[in-house]
Amino acid sequence: MDRIKEASNVIIGINKYRENQIKDYDLIKIVCNYFDGIKDEEVSEADLRFLKYISNTVGIPHFYDLLEKFNTKTKINNFDLNTLSSIIYESTLNLTSTNKVHKYQKEILELFKPNQLNRFFLSASTSFGKTHIVFEIIQKMDYDNVVLIFPTIALLSENLQRLTSEDNYKYFLDKYSIHTLSDIEDLEDKNLFIYTPERYLSFIEKREEEIDFDFAFVDEVYKIDNDYIIDEEVRENERDVAYRLAVFYSLKKDVDTLLAGPYIDFSRPNDSNYNRSFDRFLEVNNIQLIDYNNYEIVNKTYKDIKSKKSYHIDDNLEISFEKTSKNDRLIELVQAINSINENTIIYCFSRNSVESYAKTLIASKVLDNHNSDDYSSFLSHISNNFNKEWTLIEALKNGIGIHHGLVPKYIQKEIVSLFNSGLIKVLISTTTITEGVNTSAKNLIVLHSKKGTKPLKKFDAKNIAGRAGRFLYHYSGRVIVLKNDFMKAINAEAEGIKHKNYDLNSPKDEVDLYYTDDEYLTDDDRLKVVNIRSKQLERNIPDEVFQLYKVVSRLDKIEIYDSIKKLTDLEISAIKKLIRFINFKMDIDYDGFQVVLNIIEPIVKNQKLKFLIKYKGESGQYSTLTHLVHFYLTGGFRGSINFKLGKGSTVDKAISDTSEFVYNTLKYQVVKYLGVFNIMYKFYWSQVTQQPMEEVSGLDRLLTKLEYNAFTESGRIASDFGVPTAVVNFYEDSENSENIRKSFDDYEIEIFNRVEKIIKGEN
């Protein structure tokens, strides 16, 4: 680094900024680059004063603090006026003695004022620190009842762990009763709920009238628009509907709201294909748009590697390739990055490609000198509880992590932890790594410009690139594109987000008809609502029943109700036997379960679940799903794997298929459709017997088991947190808990100690 030249560039940048020739986010990039270049060099006290000055000029004093992580002593002994003014300015960003925000976070914090309606939509870079500012808003405003809505259980548990384990957030543990389950016995004076959209909807179905929220935060809010993102399953799993409903209910009268997401683009009136629906949504709900998309608090550099032999990436990384194939060049890149003691995420377009490239790196022996002793207890645990031949185990032994949607959740979580702590150097992943998972990656190698079979959109590409570099860990992240068209996606024309409930011309799901103002409904939409109302009145089904499982349409619920009314005495007897099996032995009666599946099959939208119900093998008597649920209930995750192995699956496929079944199909799809059957069954029998619905025996116990794999509150919290089965069993089996605890392996003991603090609310 030519320090004089680069310092001159910073001074020129500051002057241009003061003369309004460049934006503040342009200056951030210049300052980032300077810190990145000087972080490993010896610095004098004069250098320190300059660094202190420029970090505060750009409004991010954290840049200066970060030098300590690179073994630079940052104490300044002799102050000049610039240094003194920097320290005075920095003090305005200190919220406590150990906690401070950067300038742009503080701008958002200052928007929230008492005695006014505070509603904002924030789009910002992945490095901005959106969740951190949410917690500061809650403290500043001292709200009584708060709900935080995150897209996944993994993020729910990550934020629960943060609030219950980090000293900076002790305020929340002291002030609030923190809830993550939708079934809550007692509400306190001050409550903080951490939910997914589905769990939030489940809570308000039961307790909406008992609580008034003061503040709602919805993360990853772009999921309201299923055309905005690439998700091959989104139309089948109604996730966009759940998000729209969660936002709808969060925007009740007088509730302060922050909706947030990364890199969301907006239609502009001068765009040729301008769609005003999102602007209408903001206007109607008094939401102010805050666009910080350009504020990359951690800079990004891009290098597009094609066929040239040599590439100068930066002063620390230069590579001359010996071979030309994509696989060989990947190996050489990983070797070069590892040689400078840095880590890297490798992005792949599919789960199969993740495992394939893991095998490529293992075979190359590029990380052959890796030592896995520091996590040997974890390796031993997964070898004993899954299968020694699992590719993931061999990858971990070689310092390579695998991360995709079909790796069991607690293993995903542990792999990310190993990566962040530096115990493994390479993490190969699909887009699961973009879904709110925080990593310490300096480098991102992009192997594909697709997600599944579809080309990446600009939004998806920027979100993937956002994984390179992390605030408070790095000044700059490298995005290295290896032989694909990823840069075309990065530089593509942005698509604006839309909101179908504010667009007359947008086709609407039946559920959306009841959450859309009349002016945005077509004549056909209105006629459909009238017809549904007529069917509802014919059957005397109250609105309260339709309010349960909101993401499933009323017509589908009516169809289930009609099928239940037509059941024969033999079929009713089979269902009652099924309920007895569930309540007394937590297993299913095959005949009764098959009757239920036959009833729900016509309304199932998810094609994978539909296949599992319709395919009945050679005997033609029982659905594949019936067998799978039985083996899961009686043998757990391991039993399901063994069932697959017994059918001839490879180890990798047996574990992947079981993961997909348990985490995607069972916990969401099966629970949803069985849940709809359950409420319509209980409602029908309440009509027949004149009993209250809650007194009719149904599938409730099975639904709890499938969703949480636990019945006790502690067991469900542990399950959410992501723990081995033995730890959940400890909380579930109170009579045998001590024996279970004595049987824990070393890894299970470590996880138990961690989750026990969360369950007990210890800091």
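## A network of charges

Asp240, Arg244, Lys500, Asp509 and Asp512 are joined to one another in a network of salt bridges, a salt bridge being a side-chain nitrogen of Lys or Arg within 4 Å of a carboxyl oxygen of Asp or Glu. The model is predicted, so local features need pLDDT of at least 70 and side-chain atom pairs count only at pLDDT 80 or more, while totals for chains, interfaces and linings use all residues. Residues are numbered from 1 along each chain as its sequence is written, and side-chain values use heavy atoms, with hydrogens and water left out.

## Individual salt bridges

The structure holds 49 salt bridges. In one of them Glu41 meets Arg3, and the closest N and O atoms are 2.7 Å apart. Because Glu41 lies in the loop between α2 (24-38) and α3 (45-57) while Arg3 belongs to helix α1 (residues 3-18), this pair ties together parts that are 38 residues apart in sequence; helices (H or I, at least four residues) and strands (E, at least two) are DSSP runs, numbered from the N terminus. Glu41 counts as partly exposed at 25% relative accessibility, and Arg3 counts as partly exposed at 24%, where buried means under 20% relative accessible area, exposed over 50%, and partly exposed in between (1.4 Å probe, protein chains only).

A salt bridge also joins Arg239 with Glu198, with 2.6 Å between the closest N and O atoms. Arg239 lies in helix α12 and Glu198 in helix α10, so parts 41 residues apart in sequence are tied together. Here Arg239 counts as buried at 17% relative accessibility, and Glu198 is buried with a relative accessible area of 19%.

## The sheet

Seven strands form an open sheet in the order β3-β4-β2-β5-β6-β1-β7, with parallel pairing; two strands pair if DSSP finds at least two bridges between them. The edges are taken by β3 (177-179) and β7 (288-292), each with a single partner strand, so one side of each is left without a neighbour in the sheet. Neighbouring strands of this sheet are turned by 15° against each other on average, direction ignored; axes are lines fitted to C-alpha atoms, for helices over the stretch in contact, and angles run from 0 to 180 degrees between N-to-C directions.

The parallel pairing of β1 with β7 runs over five bridges, and Ser123 has Asp291 in β7 as its bridge partner. Helix α10 (residues 197-207) packs on the sheet, where it touches β2 (145-149) and β4 (191-195), and its direction makes about 130° with that of β4; contact means heavy atoms within 4.5 Å.

## Aromatic pairs

A search of the whole structure finds 55 aromatic pairs. Rings of Phe, Tyr and Trp (its six-membered ring) pair if their centres lie within 6.5 Å, and planes under 30 degrees apart count as stacked, over 60 as edge-to-face and the rest as tilted. Phe121 and Phe266 form an edge-to-face pair, with 5.8 Å from centre to centre and 80° between the planes. Phe121 lies in strand β1 (residues 119-124) and Phe266 in the loop between β6 (256-262) and α13 (277-284), so the pair ties together parts that are 145 residues apart in sequence. Phe121 counts as buried at 0% relative accessibility, and Phe266 is buried with a relative accessible area of 7%.

Ring pairs also link Phe121 and Phe266 with Phe278, Phe281, Tyr502 and Tyr520 into a cluster.
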